[in-house]
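Dear colleague,

Please find below the structure that I am handing over to you. My notes on it follow directly after.

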Amino acid sequence: MDSTAPLLIFYARNDALGDGLLRIPALRAARTAFPQSQIVYGSIRKSSLTGVLRRHAAPLVDDFRTIVPLSAILAEFATPGRPTTVVDFRAGVPSLMATGLRLVGRGVRYEPNFAGYLLSLRWRSRWTLRPEHNAWRYHRLIERLAGRHLPFDHRLDVPQAARALARQLRGADDRPLILLGGNAKSNKFMSEAQISAISGNLIDAGYRVLYLVTPGNGPAWQALAAKEPRLSAVGPDLGLDVEAFGDLLLALGEMAAAYVGMEGGLGHLFAAVMTPAVIVNNGANMERWRPLSNMVEVVTAPRRGGSADIADTPVEAILEATHRLLATSRRDHPAPAR
């Protein structure tokens, strides 16, 4: 990349799987609007854009600098006289204002992720509110830089090799496929009793249920298999690296009738192939974090004291939402041919 080309730096705090997925539409819009720019993506901590999502992000970003301060990225890439823009995806007014003050006089255009445009309003710019959903807020930052509307595209492509493996795993079983997620890296995981009851009900109703063994806390697969022997699973035993496993999940999502799981990264991943989803939420703001599929049912966990626990969510409520979603027999795009 020409070091004299305009420099565009994106900066984030930390990208779990869902965060990275919601940033991809903005990165795609930036590459479309500023094809001659050198685009650098940085973060204070780790980013899924350099891990499970790297294949999807690599065509959109020229350089990644994770676990690196913004000041170090500017010192490495910004040079006097070179047009430089910093788009700050972080939230929190005090830190954004402090960063803006540090950039004063450095010839850097700074576009911070404030909830509205009042604190970043510029002379003669049209005042509009940023939408609440995080993906659209990030995208609107790029539209503001470009001064025009840009296509919003959150979808991810699926390699044919992943589709072939997904078809192999499905085999000759023609029952509609349900993907069931129970693990999470925080306290957002389902209990063994919930997974067993949900899978048993759906299998009895004529569906094939595939449990996704992903990293994090949650029910052990061996215990689930003992409780519900008809339940199938896909996970580490396939020996896939993190990118290949992510591609397999996308391929399974293309052919699935629905995904049932918690609010988090997997819900956003399956939304990238428009899988209908039932999301069990333990208190996240769904205006900001709702999966971007148009077919989503949200079940909210009950609060006990000041917090909500996924494991407290009644199985009946999850199943009611699941059967309601399945009864529509709709998705935002046709499943790929087998």
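Which residues does Asp15 touch, not counting residues up to four places away in sequence? Asp15 touches Gly20, Arg23, Tyr41, Lys46, Ser47, Ser48 and Leu49, where contact means heavy atoms within 4.5 Å.

Before going further, please note that this is a predicted model, in which local features need pLDDT of at least 70 and side-chain atom pairs count only at pLDDT 80 or more, while totals for chains, interfaces and linings use all residues. Residues are numbered from 1 along each chain as its sequence is written, and side-chain values use heavy atoms, with hydrogens and water left out.

Two loop residues

Asp15 is located in the loop between strand 1 (7–12) and helix 1 (17–33). Helices (H or I, at least four residues) and strands (E, at least two) are DSSP runs, numbered from the N terminus. Asp15 counts as buried because its relative accessible area is 4%; buried means under 20% relative accessible area, exposed over 50%, and partly exposed in between, with a 1.4 Å probe and protein chains only. The side chain of Asp15 also makes a polar contact with the side chain of Ser47, at 2.7 Å. A polar contact is a pair of N or O atoms within 3.5 Å; within protein, one must be able to donate a hydrogen and the other to accept it, and residues adjacent in sequence count only if both atoms are side-chain atoms.

Thr275 is found in the loop between helix 10 (265–271) and strand 10 (277–281). Thr275 is buried, since its relative accessibility is 0%.

Five strands form an open sheet in the order 3-2-1-4-5, with parallel pairing; two strands pair if DSSP finds at least two bridges between them. At the edges are strand 3 (63–66) and strand 5 (108–112), each of which pairs on one side only. Strand 1 and strand 4 (residues 84–88) run parallel and are joined by five bridges, and Phe10 stands opposite Val87 in strand 4. Helix 4 (residues 93–103) packs on this sheet, touching strand 4 and strand 5, and its direction makes about 175° with that of strand 5. For such angles, axes are lines fitted to C-alpha atoms, for helices over the stretch in contact, and angles run from 0 to 180 degrees between N-to-C directions.

Within helix 4, the residues Leu96, Thr99, Gly100 and Leu103 are buried. They lie on the same side of helix 4, because they cover an arc of only 100° around the axis; the arc is that of the directions from the helix axis to the C-beta atoms. On the other side of helix 4, Pro94, Leu101 and Arg102 are exposed. The cover over the buried residues of helix 4 includes helix 3 (70–77), strand 4 and strand 5.

Strand 6 (residues 177–181) pairs with strand 9 (residues 258–262) in the parallel sense over three bridges, and Leu180 stands opposite Val260 in strand 9.

Yours sincerely
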